Amino acid sequence: MRLALFQPDIPQNTGTIMRLAACFGVRLEIIEPCGFILSDSRLKRAGLDYADRAVVTRYPSWDAFMSEDCGRLILMTTMGTVSLADFHFESNDRILFGAESSGAPPHVHEASDNRVRVPMRDGMRSLNVAVCAGIVLWEALRQTSG
């Protein structure tokens, strides 16, 4: 199980997700370019001392990320065709989250094996990406006995 961030642009969210990955023992993959410098002090502050305990792989581009042969690519998106409540994870899934400001572009949607959404009340636009990552990772690990 892996979490992946596509060109994140808010360092505090990335730091929080880095902490989440460290606490649950999953790899975090960051697809650059980011909207901030990865050594940004806000990133370190959000990750606290967990940042050093996280396993983070940085990819310089989408193509570099896609060149690694891994399990299914699961895109979390408000435009998902499947609700998280109905989706079945596999232990080698890569769970991908788009940039906070713009989501994931069409080519990322097309490359994904599944597009999944977190169900919310009508009229709500989206969750914070770090909150969403926590909800989704917990459900994925619960399903796969991770």
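These exercises walk through one predicted model, each with a worked solution. Residues are numbered from 1 along each chain as its sequence is written, side-chain values use heavy atoms, and hydrogens and water are left out. Local features need pLDDT of at least 70 and side-chain atom pairs pLDDT 80 or more, while totals for chains, interfaces and linings use all residues.

**Exercise 1. Helix α1**

Solution: 
- Find the helix. Helices are DSSP runs (H or I, at least four residues), strands are E runs of at least two, and both are numbered from the N terminus.
- Apply the rule: the expected span is 1.5 Å times one less than the number of residues.
- Look past the end. Glycine 25 follows α1 and has a positive phi, near 70°.

**Exercise 2. Asparagine 13**

Task: Is asparagine 13 buried or exposed, and which residues does it touch?

Solution: 
- Asparagine 13 lies in helix α1.
- Recall the classes: buried is under 20% relative accessible area, exposed over 50%, partly exposed in between (1.4 Å probe, protein chains only).
- Asparagine 13 has a relative accessible area of 10%, so it is buried.
- List its contacts (heavy atoms within 4.5 Å). Leaving aside neighbours within four places in sequence, asparagine 13 touches Glu100, Asn128, Val129 and Ala130.

**Exercise 3. Helix α5**

Task: Describe how α5 begins, packs and ends.

Solution: 
- Start at the N-terminal end. Asparagine 128 caps α5 there, with a side-chain oxygen 2.7 Å from the backbone nitrogen of alanine 130.
- Take the length. α5 has 16 residues and reaches 22 Å from first C-alpha to last, close to the 22 Å expected.
- Pick out the buried residues, among them Val129, Ala130, Cys132 and Glu139.
- The buried residues of α5 pack against β1 (2–6), α1, β4 and β6 (94–97).
- Serine 145 is exposed, with a relative accessible area of 70%.

**Exercise 4. Backbone exceptions**

Solution: 
- Begin with the rule. Most residues other than glycine have a negative phi, and most peptide bonds are trans.
- Glutamine 7 has a positive phi, near 45°. It is found in the loop between β1 and α1.
- Glutamine 7 is partly exposed, at 27% relative accessible area.
- Proline 33 is found in the loop between β2 (27–31) and α2 (41–47).
- The peptide bond from glutamate 32 to proline 33 is cis, with omega near 10°.

**Exercise 5. Glycine 80**

Task: Which residues does glycine 80 contact beyond its sequence neighbours?

Solution: 
- Locate glycine 80 in the loop between β4 and β5 (82–83).
- Glycine 80 is buried, with a relative accessible area of 11%.
- Leave aside neighbours within four places in sequence. Glycine 80 is then in contact with Arg115, Val116 and Arg117.

Technical notes: A polar contact is a pair of N or O atoms within 3.5 Å; within protein, one must be able to donate a hydrogen and the other to accept it, and residues adjacent in sequence count only if both atoms are side-chain atoms.
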